[in-house]
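Here are my notes on how one chain meets two of its neighbours. Have a look at the model first.

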4 protein chains.
Amino acid sequence: MNTFGTNFRFTSFGESHGLAVGGIIDGCPSRLALDTDAIRADLARRRGEGDETTTRREADEVEFLSGVMDGITLGTPIAFAIRNADTRPDDYEELRHLCRPGHADFTYQARYGIRDHRGGGRASGRETAARVVAGAIAKQLLAQRGIGCRAAVAELAPQTPDDTRGGSVRCVVQGLPAGVGDPVFGRLNAMLAAAMMSIPSSTAFEMGVGTQAADMTGSAFADQWLAGGRTVTNHCGGVQGGISNGMPVEFKVTFHAVPTLPHEVDCLADDGTLRRVNLGGRHDTCHILRLPVVVEAMAALTIVNLIDLKEQ
Amino acid sequence: MNTFGTNFRFTSFGESHGLAVGGIIDGCPSRLALDTDAIRADLARRRGEGDETTTRREADEVEFLSGVMDGITLGTPIAFAIRNADTRPDDYEELRHLCRPGHADFTYQARYGIRDHRGGGRASGRETAARVVAGAIAKQLLAQRGIGCRAAVAELAPQTPDDTRGGSVRCVVQGLPAGVGDPVFGRLNAMLAAAMMSIPSSTAFEMGVGTQAADMTGSAFADQWLAGGRTVTNHCGGVQGGISNGMPVEFKVTFHAVPTLPHEVDCLADDGTLRRVNLGGRHDTCHILRLPVVVEAMAALTIVNLIDLKEQ
Amino acid sequence: MNTFGTNFRFTSFGESHGLAVGGIIDGCPSRLALDTDAIRADLARRRGEGDETTTRREADEVEFLSGVMDGITLGTPIAFAIRNADTRPDDYEELRHLCRPGHADFTYQARYGIRDHRGGGRASGRETAARVVAGAIAKQLLAQRGIGCRAAVAELAPQTPDDTRGGSVRCVVQGLPAGVGDPVFGRLNAMLAAAMMSIPSSTAFEMGVGTQAADMTGSAFADQWLAGGRTVTNHCGGVQGGISNGMPVEFKVTFHAVPTLPHEVDCLADDGTLRRVNLGGRHDTCHILRLPVVVEAMAALTIVNLIDLKEQ
Amino acid sequence: MNTFGTNFRFTSFGESHGLAVGGIIDGCPSRLALDTDAIRADLARRRGEGDETTTRREADEVEFLSGVMDGITLGTPIAFAIRNADTRPDDYEELRHLCRPGHADFTYQARYGIRDHRGGGRASGRETAARVVAGAIAKQLLAQRGIGCRAAVAELAPQTPDDTRGGSVRCVVQGLPAGVGDPVFGRLNAMLAAAMMSIPSSTAFEMGVGTQAADMTGSAFADQWLAGGRTVTNHCGGVQGGISNGMPVEFKVTFHAVPTLPHEVDCLADDGTLRRVNLGGRHDTCHILRLPVVVEAMAALTIVNLIDLKEQ
């Protein structure tokens, strides 16, 4: 299932070292002047420009193939592609018959009986570039309605020589009116959880106080009313019964460290035996820094599907 | 959105103090001999029989209206209803124009411009009875394939006089083969997260080590291979790249305490002012004990939608 | 697939001689005062009251199990059931191992490996009673917006002693504004076609001039403009490029005669041999007269899913 | 809605005179060796090579952007694009503010408040090229399972100087086993009807004897059994109760003539007045000849979504 959403449907495609990654957005309102600068800026944030998190540098030029005329959306499907410029498939030849620990090599093989072994293929974080493009458009639609999504790194494991780091990202959605979310199974918090847990390397989703709620009594947890409908605290993270209550929507996503390691590890060969290899290839020493813009994109894609996007 | 799943589609209905709760299952394989004892047993677990968690006691008799002939499923929609026997709508008259703190009264009103004020209406935990029925059928289908879902209370806040308690539930799915889950947006962990966060009062979802991953380096987190394809640890909770790897699927769900309190609180009136009232009515002192069977039901409904359920 | 629609989702259940037929409507706007008289009147039209088309007479009392409080919709799922009062399962015992010609006995058996042999089971026209209830609610929503669906018998094969008759039904939707329909695959005419061909015994769907278009030149077919945006003719049936053009939406549905016959026919036994039997049981001599209200219901369900149904 | 299907999901994009048309197939089984010659051959049939039906000649080179490695499908989304080589946007400048009779100019404007006026934009038959690519892949999957779709022109209005012609296409699906189709709303005939009525210029869909059923009695219509489960006649077109019965699936689709005419017509201007113009531009004198391959494609896409496509 490579489609996200029902009204603003985003279908993603692409392997890390194939020709391109990209997608189709079906359901984007017509007559939106696409802000391509904002899209480019978000792609730059995802690439980690300004910090030194990845050794792969791609141009990430987005080509819009349809749905846009003179820079204005037509209401028809918006197809876009980002060519994979900096592919080095030969770097990965050794992995054709080996499954790395901590990666999706083994599970993709189990699921499909075949896999693109080059740089993680479809399971690579490269795929999130397409999400960032779609998310940037969704953020633009939300901004028109006074809604903003902003994410930042919340926790970052300390730097350790020769190793990668985990962390977490906190996101706040401001300006969302009360009444957004679709109980019972389309709850805003459930949709956000699915969106966040679909980001590679995510391990936990917490709404409001999250795991701390386990230790709180009912009287401590319950957000007390202020006259007018706001609340004193926001333990619930702005969502009650799956519907927004007008307070900021707040959640946190935990991500594990990238398991690609710069020293020898045991890989699983096709015959079930272990083979000790030194995994070269490129990887992120701290991909956490690149994730806030992906979290924002998925938050925006979630919310844009729950609000009214009438054409006119 | 009151439908869960795509192949084994469960649509839920019902208000807490309306005529009935229930649902339709569309896509259940034909020729399954329904284990009604198992359904009854799960409903008893949800009612908390054997412990003293709620003051409401309902017979919870399930009537199957269609899709079953002589106890065998026909492959057609299975409709079922559980009449709400022990309703006391008059208990809630005072709440017709008041929104309680910590509940979904205000958000349902914002969403729909109307709400069933009696006992939480659609937002009540009562609705989970229908999930338990559908989940019991799903568990039966999984058991035929050697797959078992088992949940238990993991954490429980200490007993405090006059107050309700939060906690968490851990769930393990045994016997799931490698290769189940549908990247990119239909990842097994994403689908589980949505399922769990759709349960009333949930605040966090953690896969494997969950939030602890933030503090782990890549070498500490990565589950190392054993020859044959199992792993030494199971930090990822049995899912990589959104697909099961054959290890047990493990996750934890945090739930906040029920915010109904046995003393006076400020409620929000229709005109935005506060009104101090003593909320009577019935409530759970510790609903955490009743939730494992609901977590199991949602886990089973998630997984039954991701595996092959061919008729013959 | 027993669900129709995406926004106003109707899920149908029930076998002809089981406990009940009914359904769940998910997505009906809140605060609609249900017109139960209109529902009853449409059910009476479906039963053919006033004409002598069927020997089965059922009370068709609709019970609303949820989603309605004090006669007003809550925005939550509306579940309803119509008990099957006049069932005579013993009449059908002979058919347990025989497949009638022209019916769905054989195909249901092939599809599910089991079937409810009593009166056609799920394949019976009885199932359309649930559609009529949902359709009556949809028609009420459309009427609020100035849109009306009206169907009538267009052709009826001449009366023949001892035999059943085919025919066709023409439907006109008045008041639909220009701009409704969702190209490319959600075209209004495509959605109408699917809706109509889902009615038991339908064999053809024609939009506007339908099959006559094969013999028309481009200049004869093209509906010429009048100033203001209406057209001189309406050959296209009010839909161009899958989107309504503001003219009446017109289409015709052909239905074959009920193949249940009052004399001996060869049935197919489980072992593939033929068995000559006299099919008793009840059947319609002219079910065409009962179909316009079903056509209206499906038209209304189609259109209500393509227009904006915002809550407030 | 530009997505067709649920398991083998095809999402289409592209305007006639934009950069490209194409699509994404999500759910194609892995390890299929793509037959690109068959794709090319079907595209040539759609272009009408060998006959003289259109003045536009495009290379129609398909570029696969993802989902395929070394010519083998990976199970991941297959994105493809066909660049629009022979675009002449300037030919259409006059139509920027005029709606032609018989075309979707007016309805697209009503629906989206904007439209691509160049050659019909999204409403052009050009869009069917993407369907033909997806359909060719679907046909390959069906052929592996012994199922073949074959369509041919059934009726063609006589040649008239200076005018375009309507006609009809008959399609037969051979080799489909009994038991395919998903009652009640996912009937094989309903899904075929929606698929066919989604093809530009279609006006009628007939299953089996189609409209002739109106004049047949029940005893004439009912297909009588032969021992073994085949039937003497196939009036129902191989589908009963929405499920295939093992006989050939037969249906006919009527198409109206292309309303673009080589002489002066009244067009509707933005202000509602009429403007008499001579519509130049390119058009098909007999597009009927190019449609059988499109009908085959949509038939294959329909059926591939109803059969079991398990990976291994």
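This is a predicted model: local features need pLDDT of at least 70, side-chain atom pairs count only at pLDDT 80 or more; totals for chains, interfaces and linings use all residues.

1. Residues are numbered from 1 along each chain as its sequence is written, chains are lettered from A and ligands numbered from 1 in the order in which they are written, and side-chain values use heavy atoms, leaving out hydrogens and water.

2. Chain C against chain B: 45 residues of chain C touch 46 of chain B (contact means heavy atoms within 4.5 Å). About 3,400 Å² is buried between them, 59% of it on carbon and sulfur atoms; buried area is the accessible area (1.4 Å probe) lost by two parts on being put together, summed over both. Leu65(C), Met69(C) and Tyr112(C) supply 17% of what chain C buries here, more than any other three residues.

3. Charges at that interface: there are two salt bridges (a side-chain nitrogen of Lys or Arg within 4 Å of a carboxyl oxygen of Asp or Glu). Arg83(B) and Glu63(C) form a salt bridge at 3.1 Å, N to O.

4. Chain C against chain D: here 87 residues of chain C contact 87 of chain D. The buried area is about 6,600 Å², with 63% from carbon and sulfur atoms. On the chain C side, Met1(C), Phe185(C) and Trp225(C) lose the most area, together 13% of what that side buries.

5. Salt bridges again: the rule finds two between chains C and D. Arg111(D) and Asp182(C) meet in a salt bridge at 2.8 Å, N to O.
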